[in-house]
Amino acid sequence: MQGKIIKAISGFYYIESDSKIYECKAKGIFRKNGVTPLVGDYVEFEELKNDKGNLISIKDRKNELIRPPIANVDLAIIVAAVKNPDISLLFIDKQIAFLESLNIMPIICINKIDIESGNEIEKIYKAIGYEVISTCAKDSTGVEILKEKLKNKVSVFIGNSGVGKSSLTNKIIGSSIMEEGDLSKIERGKQTTRHVELIKLSESTYIADSPGFSSFEIIPENLENCFVEFQQYIKDCRYRGCNHVLEEECGIKYAVADGKIEKSRYENYCILKNSKNTK
Ligand code: ZN
């Protein structure tokens, strides 16, 4: 049978297949191959009695994250607030770069717009081609728009403490419960362990619940490729393999000077590039 791992706890994998959940164990073959099944994996399993089963094989992954451990992520919502706490564009750019390196689509969500609107930030990121959604978890502004974006995807939410990430996800889950009448989702939140779990909002729509996770701290190897708006200007760099930091006659620097690349994006690129080189 085919299914998807939605939860993994102490050696048991909970596989969803045809709206049923099977408690499965992985066969020794996984240990032998050094492969660990992950939440989000599409798998093949054999059904045993009483909704139990054996995990047989894992399908190829589109991508995989280590922390939180999850595979096949389609979308990442980067939640930020302009004020309270003050926005960090470095944080946003670092998350975007990492997501780009894995081909995961980022959406920037400016929450707490009742305190301050995110118009300026929206301008910066929309110009690059990223989607920006303004929300206020408190009164549910923008929540339905955000929910629409999550459809038919597996999404993770990123955001530092205080930005309202959990109020936002609670609102989204809450309104899905109302629509689907599925009370089992209320159980969420009582869970205290730190395992990752996919919460099903509707058919083919999941959000990853990963307590304790707030951001990706990895700077990708190919950082220059992860700033998508830089790509068209690299041809103007004099030196092949230009790092766009100390070099003169750099296409990226020209584009920044011409206002074609946002200064904050370039500065954050340099910070990330330098912090990578000093490691
Ligand atoms: Zn350059």
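Modeller: Accessible areas come from the Shrake-Rupley method with a 1.4 Å probe, and for residues only the protein chains shown count as cover. On that basis the accessible surface of the protein is about 14600 Å², with 49% belonging to carbon and sulfur atoms. This is a predicted model, in which local features need pLDDT of at least 70 and side-chain atom pairs count only at pLDDT 80 or more, while totals for chains, interfaces and linings use all residues. Residues are numbered from 1 along each chain as its sequence is written, and side-chain values use heavy atoms, with hydrogens and water left out.

Biologist: How many helices and strands are there in the protein?

Modeller: The protein has seven helices and 13 strands. These are DSSP runs numbered from the N terminus, with helices (H or I) of at least four residues and strands (E) of at least two.

Biologist: What share of the residues counts as buried?

Modeller: Of the 279 residues, 48% are buried. Buried means under 20% relative accessible area, exposed over 50%, and partly exposed in between, with a 1.4 Å probe and protein chains only.

Biologist: Turning to helix H2, what span should its 13 residues have?

Modeller: H2 covers residues 89–101 and should span 18 Å at 1.5 Å a residue; its end C-alpha atoms are 18 Å apart, which agrees. The expected span is 1.5 Å times one less than the number of residues.

Biologist: Why is H2 described as largely enclosed by the rest of the structure?

Modeller: Because 10 of its 13 residues are buried. Among them are Leu89, Phe91, Ile92, Asp93 and Lys94. After H2 comes Asn103, whose phi is positive, near 60°.

Biologist: And Leu272, where does it lie?

Modeller: Leu272 lies in helix H7, residues 263–277. Leu272 counts as buried because its relative accessibility is 4%.

Biologist: Which residues does Leu272 touch?

Modeller: Leaving aside residues up to four places away in sequence, Leu272 touches Leu90, Asp93, Lys94, Ile219, Leu223 and Phe227. Contact means heavy atoms within 4.5 Å. The C-alpha atoms of Leu272 and Ala97 are separated by 9.5 Å, although these residues are 175 residues apart along the chain.

Biologist: What about Lys273, buried or exposed?

Modeller: Lys273 is buried, with a relative accessible area of 10%. Lys273 is also in helix H7, and Lys273 touches Leu223, Glu224, Asn243 and Val245, not counting residues up to four places away in sequence.
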